[in-house]
Amino acid sequence: MGCNKRGRNVFIILFDAINLSSINQNTELFIQKLQFLFALLLFRQRAEMPGLTAPSDYSKEPPRHPCLKINSKASLLEPFNAEPPRSALTCSYVTPSDFFYKRNHGPIPIVEDIERYSVMISGLVEKPKQLFMKDIRMLPKYNVTATLQCAGNRRTAMSKTRPVKGVGWDVSAIGNAVWGGAKLSDVLELVGIPKLTSNTQFGGKHVEFVSVDKCKEEKGGPYKASIPLSQATNPEADVLLAYEMNGETLNRDHGYPLRVVVPGVIGARSVKWLEDINIIEEECQGFFMQKDYKMFPPSVDWDNINWSTRRPQMDFPVQCAICSLEDVSTIKPGKVKISGYAASGGGRGIERVDVSVDGGKTWIEASRCQKSGVQYIADGFNSDKWAWVLFEVTADIRQSTEIVAKAIDSAANIQPEKVEDIWNLRGILNTSWHRVKVQAGHSNL
């Protein structure tokens, strides 16, 4: 790796500041200092030649599909957040990137020079390392089918109980894609961290992902999040540094050129536009880990909240939603197809989806599927453990009624009946029974 004159001067000045007698006094300390200086040099060099930058405004946003429902529109002040129509979600098992929900906290970063773009891995590691895209692509490539879901999915329905703060999502802040890239467990071996490691020899217990994306919640600093080192180094957890989505290069909205994908966990931990990976002792102290995306009881409001009393949310609970009907629909009396999605976090499959056409008095079991032509069995060998299932049932409906859907996962977790019981001030994890009202007839409501 080349080093410009300015970078060499920085290194020499800092190296001279080390008392070389420490080689004899404390070899381990001296090595740690050298590692720090090396990491600092790489950081300085990369800062002088950035390959990926975060714009200061929204004048260079990428094009988006016109059918997306915009929940906050990119302007001089607002990031772009949007979801597809719910009916689009059940058109295919794999969600096309154009119809995958967009969740952003600032202007979309721009790749200035892909050859210069790199990710720095440092912190409590034996050998910090700067990785370029060519380095990551040399590692074994894996394709992982995984559902990502915003923790605020279905927030709008929760806000009808009591007001909440956050982007007003319907049921479509969720999508299922085939992500392609290198496993994080392989990447971390490059800096001396073996697979299935919970602690590094220097005390590292968590892996922090830092984006080039700047956001107001971090006071202009970068978006960041972390996962436990034990999860990051477990090949079976399928955590990826992804550079492809559905067999194509990531687009800008979804993290080009490189993003993290943490299957089975709320989308907030799958950091896009990756810039740094830090091995740290404690979990990330960023805003979105410590002062957001935590589950509080209904009794907590903005006057008595204490963020430190709750752990950051990781796995998402069992969830399902009806996508073939809107919240209020007019139907022709007779046979009605009811379809939607169901998913659970932590790699748990969907054991059952129950549908009621009389407001929850009686139930019928819906069929479940993932890949065409392959029988779905929850937690089965041929099933995608990180992915949603699509469900469908046909019912005879002759009069106006309320249709309800609820899912049960392979650990027998079931969705709560009432949204009031899980209301929280940030409106996250609305996994209550999904309800839609239908009116039998031909007139518009």
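## Basis and overall composition

Helices (H or I, at least four residues) and strands (E, at least two) are taken here as DSSP runs, numbered from the N terminus. By that definition the protein has 9 helices and 23 strands. This is a predicted model, in which local features need pLDDT of at least 70 and side-chain atom pairs count only at pLDDT 80 or more, while totals for chains, interfaces and linings use all residues. Residues are numbered from 1 along each chain as its sequence is written, and side-chain values use heavy atoms, with hydrogens and water left out.

## Burial, surface and contacts

Of the 445 residues in the protein, 53% are buried (under 20% relative accessible area, with a 1.4 Å probe and protein chains only). The protein exposes about 20,000 Å², of which carbon and sulfur atoms supply 52%. Among contacts (heavy atoms within 4.5 Å) with a separation of 6 or more, 72% are between residues 24 or more positions apart.

Strand β18 (residues 350–356) runs antiparallel to β19 and is joined to it by 2 bridges, with V355 standing opposite I364 in β19.

## The loop residue T197

T197 lies in the loop between α7 (184–189) and β9 (206–214), and T197 is buried there, with a relative accessible area of 10%. Leaving aside residues up to four places away in sequence, T197 touches L229, S230 and T233.

How values were computed
Two strands pair if DSSP finds at least two bridges between them. Buried means under 20% relative accessible area, exposed over 50%, partly exposed in between (1.4 Å probe, protein chains only). Accessible areas come from the Shrake-Rupley method with a 1.4 Å probe; for residues, only the protein chains shown count as cover.
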